[in-house]
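Trainee: Before we discuss the packing, please put the model up.

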Amino acid sequence: MSEPCIALVVNPTKVDDVDALARQVAERCAAHGLPSPILLRTTENDAGEGMAREAISRGATLVLAAGGDGTVQAACCGLHGSGVRHRP
């Protein structure tokens with residue numbers, strides 16, 4: 001069985017300290033024997049859909065989204081049809 005790949009999609013305009021959040025998620029992952037997540041920041045032109053698709057193309061089996069409702073919705077749209085389970 002291959003090691004899971006985790007991605008963290010973050011909207012830096014909604015999360016005050018993206019690096020601190022990434023460290024916290026990495027610590028929680030490590031505590032459960034999981035690898036650190038790939039950090040993907042949203043942009044002014046992409047609220048998260050493209051980042052979720054990039055996560056899938058990089059092998060993510062779990063995608064976390066942090067930001068506002070728009071970030072979560074965009075990430076879910078990017079995951080739709082990918083075979084990766086998601087819950088808004």
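**Packing and burial**

Mentor: The buried residues of helix 3 pack against helix 2 and strand 3 (62–66). Helices (H or I, at least four residues) and strands (E, at least two) are DSSP runs, numbered from the N terminus. This is a predicted model, in which local features need pLDDT of at least 70, side-chain atom pairs count only at pLDDT 80 or more, and totals for chains, interfaces and linings use all residues. Residues are numbered from 1 along each chain as its sequence is written, and side-chain values use heavy atoms, with hydrogens and water left out.

Trainee: Which residues are buried in helix 3?

Mentor: Buried means under 20% relative accessible area, exposed over 50%, partly exposed in between (1.4 Å probe, protein chains only). In helix 3, residues 69–79, the buried ones are T71, A74, A75, C76, G78 and L79.

Trainee: Is T42 buried or exposed?

Mentor: T42 sits in the loop between strand 2 (38–41) and helix 2 (49–57). Leaving aside neighbours within four places in sequence, T42 is in contact (heavy atoms within 4.5 Å) with V9, V10, N11, P12, A47, G48, M51 and T71. The relative accessible area of T42 is 9%, so T42 is buried.
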